[in-house]
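Reader: I am new to this structure and would like a friendly walk through it. Could we look at it together, one question at a time?

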Amino acid sequence: MKNLLILGAGTAGTMMLNKMHKALLPDKWRITIVDNVETHYYQPGFLFIPFGIYTEKDVVKPKKDFFPEGVNVINTEIWKVLPEFNKVHLASGIILDYDLLIIATGSRIAPEETEGLTGKLWKKDIFDFYTLDGAKALAEKLKNWEGGKLVINITEMPIKCPVAPLEFAFLADAFFEDKGIREKVHIQYVTPLAEAFTKHKSAEILGHYLEDKGIELVAEFNTGRIDNDGKKLVSWDEREVEFDLLVTVPTNKGADYIETSGLGDELNFVPTDKHTLQATGHENIFVIGDASNIPTSKAGSVAHFESEILKENIIHYINAEPLKAKFDGHANCFIESGHGKAFLIDFNYDVEPLPGNFPFAHLGPFKLLKETKMNHLGKLMFKWAYWNLLLKGKELPMGSDMSLKGKILDEKFKDIFITDKQQLSKLSGE
Amino acid sequence: MSTAVGVKEILGKNLAIDADSNLVNLSDWNEEIAKELAKEEGINELTEKHFQVINYMRKVFSETGDAPSIRKLTKDSGVDTKEFYELFPKGPAKKAARIAGLPKPKGCI
């Protein structure tokens, strides 16, 4: 009997659990999953909580509802992986052996990394919305807030769901407009990046929406510390931004045991082959979702597209074959823009977001890089698909690899958007 | 390695540059060239500390193919974050990479 051990039962870990449970023979493989939290959080829904659109019940379900029968579930903290011995030590003292290890412990916010962030204003005038507690506390604050300087700040990259803070800014603009106090709220978007979007082409096409919505962009601002007495952000090069209400996306890090195990980079993300998803230097360890350091967005859609590739490569590995499945970096994000509308972007390692249509069986097409009501409905419907299809490892009506079907590829766009010409001929040949 | 889109004359030599006006060939770089690039970035004198950062970045680049993140740099190079921003004010990662003769850091997605 061989052991497949999955660390982390979030979006990525649960999907892999379901897929591998179907793919592996039960008399040959014992599957174990470890996670210290028993609640599954629908993290894309956290964004809506501060504005009263969702409440806690929309975003939580017991993790066990998504585990197949016959797998071994252990609810405890992970202490350390010993890759040279193929063992994992748990905080409870249990030691687990593995033949194959999948790391899926994601990323978390680490506000303690920034001086003054968790000081006396934390949860009074400074909030995060990347945790359920943070999002709920912010909802309470916004109920009675009468206006002033609202600052939305990304502390440092990379962060989980890089478009979420931008969506927060758009939704805040709409929220205060609906409340009739928009003119009393000054919104600033403060980012270490040179522009509002991580993808330059999205910024070119969508950048003007910030201006249209009266959101001021403060770019290339690397937050050094929070001055609680002066109520301001101070950058490493001593620029200052004052706030009355600060919505922060703190530094994101991988799990602490990654550091203890010596498996991570400076932020505890695991160096991983961006195509095969195998951990660098460890042939029986694979990494999926936010836990890896691969250069694409940390997002559920990415974990979903990775999961098919990873399943195939694990089967190849078990059969002692080359890891033939290659992940292309595919990411797909709905971007809420307020007042019941949203954008949709779709991209991978080599192809920047393109305008056009995004085909989607039964529902589509969705408009890419355009603000539409349909895209917003798509985002809301995704919650149903997440709980009912995606986590259970069922097929969604879209493939893992990015497709150019429906995307506008006239000569102008070919030159602007495709960063790799070979990639273009490969994709167009579909 | 980035793609050459043009040449730039520095100290009498024509050196290949990419779209960001960063050097394309690692071997084109030397300390004298670095001083010229630094002047373009508004840094009139390169100190020993500057070179500590620059040499560390070149070492990481030759090992990994990308410049280190600010976090990695300030953890391993012996120069802390505060100092790094003082040495290369405003956009230190980009600035230091350019002076070190490296392409603009790929950064984050």
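Reader: Which residue in S13(A) stands opposite A:Asn153?

Author: First, a word on conventions: this is a predicted model, in which local features need pLDDT of at least 70, side-chain atom pairs count only at pLDDT 80 or more, and totals for chains, interfaces and linings use all residues. Residues are numbered from 1 along each chain as its sequence is written, while chains are lettered from A and ligands numbered from 1 in the order in which they are written. Strands (E, at least two residues) and helices (H or I, at least four) are DSSP runs numbered from the N terminus, and two strands pair if DSSP finds at least two bridges between them. Strand S12 (residues 148-154) and strand S13 (residues 185-190) of chain A run parallel and are joined by six bridges, and the residue of S13(A) opposite A:Asn153 is A:Val190.

Reader: What is the order of the strands in the open sheet of chain A?

Author: At its edges are strand S11 (126-127) and strand S14 (215-218) of chain A, each pairing on one side only. S18(A) pairs in the parallel sense with S11(A) over two bridges, and with S12(A) over five bridges. Across these pairings, A:Ile126 stands opposite A:Leu246, and A:Leu150 has A:Leu245 as its bridge partner. The five strands, with parallel pairing, have the order S11-S18-S12-S13-S14.

Reader: Is strand S18 of chain A buried or exposed?

Author: A residue is buried if 20 or more other C-beta atoms lie within 10 Å of its own, exposed if 12 or fewer, and partly exposed in between, with C-beta atoms placed from the backbone. A:Leu245, A:Val247 and A:Val249 point one way from S18(A), A:Leu246 and A:Thr248 the other way, and all are buried. Strand S18 (residues 245-249) of chain A is therefore largely enclosed by the rest of the structure, with five of its five residues buried.

Reader: How many helices and strands does chain B have?

Author: From the N terminus on, the elements of chain B run β-β-α-α-α-α-α. That is a count of five helices and two strands.

Reader: How many residues of helix H5 of chain B are buried?

Author: Helix H5 (residues 92-99) of chain B is mostly covered. Its cover includes helix H1 (31-40), helix H2 (48-64), H3 and H4 of chain B. Among the buried residues of H5(B) are B:Pro92, B:Lys95 and B:Arg98. Of the eight residues in H5(B), the number buried is seven.

Reader: At what angle do H2(B) and H5(B) pack?

Author: Axes are lines fitted to C-alpha atoms, for helices over the stretch in contact, and angles run from 0 to 180 degrees between N-to-C directions. The axes of H2(B) and H5(B) lie 9 Å apart, and their angle is about 80 degrees. That makes H2(B) roughly perpendicular to H5(B), a term for angles of 65 to 115 degrees (under 35 is roughly parallel, over 145 roughly antiparallel, the rest oblique). The value asked for is about 80 degrees.

Reader: How many residues of chain A are in contact with chain B?

Author: Two residues are in contact if their C-beta atoms, placed from the backbone, lie within 7 Å. On the chain B side, 14 residues take part, and on the chain A side the number is 11.

Reader: Which helices of chain B each supply at least two residues of the side that touches chain A?

Author: The touching side belongs to chain B and faces chain A. The helices asked for are helix H3 (70-76) and helix H4 (81-87).
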